[in-house]
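Here is a short report on one protein model. Please look over the sequence and the structure first.

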Amino acid sequence: MPKPHPEETILDSLRRQYLQLLTPTDISLTHLPPSLLLDQSFQHTLYTHLFNPNRKSHQCPPPPPLRYTARVVKRLITKIEEEAWKEGYACPEIDEDLIDFYATLIATIPAEAASPTDSTSTTHVTYTIAAPTTTTTTTTTTTHPNGESLTLIESRNIISSSGHTGSRTWEAALALGELLISSHHNTTHPLTFPPTSASTNFTTHIPQKHILELGAGTGFLSILCAKLGAHKVLATDGDWRVCSSLQKNVAENKVSGVVSVGRLLWGSGNVVENAEDTDLEPDPRAEHSGGKGREEGYITPDVVLAADVTYDTSIIPSLVTELKYILTQKNPHAQVLVAATVRNPKTIEAFLKELERHSLLWASELWVPHEPRILYYDTTAPIQILKITCPMVGR
Ligand SMILES: C[S@@+](CC[C@H](N)C(=O)[O-])C[C@H]1O[C@@H](n2cnc3c(N)ncnc32)[C@H](O)[C@@H]1O
């Protein structure tokens, strides 16, 4: 594969961060050398590569909201001005198209337009699955993006107006996604899992596998698995409103042939399709001991994925009941990976205790994001990845 020019790598990274709707102040500009930023032809390339308003819509993902775009353009212009002043220019020269674009955005945005953080607004968020194939020279390591991407309709507020947490993709899902992409390209680097974990292999191959996702939310991981070549994916969530948006995301990404969506409330007993008005009551013991309906809609998974599902101690018992059911009744050899953002160590402790109570084993590692980045997310709160097994199998 030909090595991309360093400028191309910078532009791709900026574009990926922009399409992923990173908070404008979090977009990393540190790799942009001032000389490049002050170069007007580079500024123009930056404008066309990121915003390209003339590009035909079928060639590129849906753009972020105008208000968000305006904030990103403003940040870039401010950065150019700052660098120019540092270099002693009294009046920085900025690419005219970039300036005009900013002026048009400001004039176009209606005052009442919702921002992507408003509680009611939804927006398209595009995640680019850059292949983490690295080329290392003596001074730089570069990523070769393979261009594949997935676009999700999300609501970026923390908890949706209807009171559930499944309307945005959380950091733990992106971290687990990074692990899957790394595994796919066989590039899990030594920093990702320190030598202490050598006995536990977290590498997880998705092609041709049957995947079950629990608490899927937007469906990021399930759709990613389809793009990575899974044979069949069952994306489940306990909330029918989440399932309904998840279904739209599956259709939007044209993976309906591989990914099916079902409502699975942990411990409830079965997977229900089109479950908008189904009132599922969790009854772990009755259902898990072989109650009627348990098998309906369920698959025998090779891989089970769950991200950010350990945030509340009240949901942990039913989650662990479900994991125990899968590992004892469906496939004792299933590879079960749970990614957890450690906001409160006590919640993780409660999860581990519950696993112990159910005689399940686990290995866990602190996730260190892949560098150069494949996906972009906040790692202020540590993310742990746990691999859960059944002692009867003892892997
Ligand atoms: C914090 S979100 C994580 C979503 C997604 N996995 C991610 O990381 O982006 C937690 C998800 O778990 C689902 N959930 C919570 N309790 C559940 C339960 N008892 N059974 C099934 N799903 C549940 C919620 O509806 C929500 O979509």
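Lys254 sits in the loop between helix 8 (240-252) and strand 7 (259-263). The model is a predicted one. The phi angle of Lys254 is near 55°, a positive value in a residue other than glycine. Lys254 counts as exposed, because it has 11 C-beta neighbours inside 10 Å and the cut-off for exposed is 12 or fewer.

Leu21 also has a phi near 55°, again positive in a residue other than glycine. Leu21 belongs to the loop between helix 1 and helix 2 (34-37). Is Leu21 buried or exposed? Leu21 is buried, because 22 other C-beta atoms lie within 10 Å and 20 or more are enough to qualify.

| Residue | C-beta atoms within 10 Å | Class |
|---|---|---|
| Leu21 | 22 other C-beta atoms | buried |
| Glu178 | 25 other C-beta atoms | buried |
| Lys254 | 11 C-beta neighbours | exposed |

Glu178 lies in helix 6 (residues 171-184). Glu178 is buried, since 25 other C-beta atoms are within 10 Å. What does Glu178 touch, leaving out residues up to four places away in sequence? The partners are Pro369, His370, Ile374 and Leu375.

Next comes a helix pair. Helix 1 (residues 6-19) packs on helix 3 (residues 40-50) at an angle of about 40°, with the axes 10 Å apart. Helix 1 is therefore oblique to helix 3. Their crossing is right-handed. From helix 1, the contact draws on Glu7, Leu11, Leu14, Arg15 and Tyr18. Helix 3 supplies Phe42, Thr45, Leu46, His49 and Leu50. By type, the residues of this contact are six nonpolar, two polar and two charged.

A ligand is also present. There are 24 residues around the ligand. Which of them come nearest? They are Gly166, Ala173, Gly215, Gly217 and Gly238. The shell around the ligand divides into twelve nonpolar, nine polar and three charged residues.

Finally, the whole chain. The protein has eleven helices and eleven strands. Of its 395 residues, 41% count as buried. Among contacts with a separation of 6 or more, 72% come from residues 24 or more positions apart.

Conventions
Residues numbered from 1 in each chain as written. Predicted model: local features only at pLDDT ≥ 70, side-chain atom pairs only at ≥ 80, totals over all residues. Helix = DSSP H or I, 4+ residues; strand = E, 2+ residues; numbered from the N terminus. Contact = placed C-beta atoms within 7 Å. Near = placed C-beta within 6 Å. Nonpolar A, V, L, I, M, F, W, Y, C, P; charged D, E, K, R; others polar. Axes fitted to C-alpha atoms, helices over the stretch in contact; angles between N-to-C directions. Parallel < 35°, antiparallel > 145°, perpendicular 65-115°, else oblique. Left-handed = near helix turned anticlockwise from the far one by under 90°.
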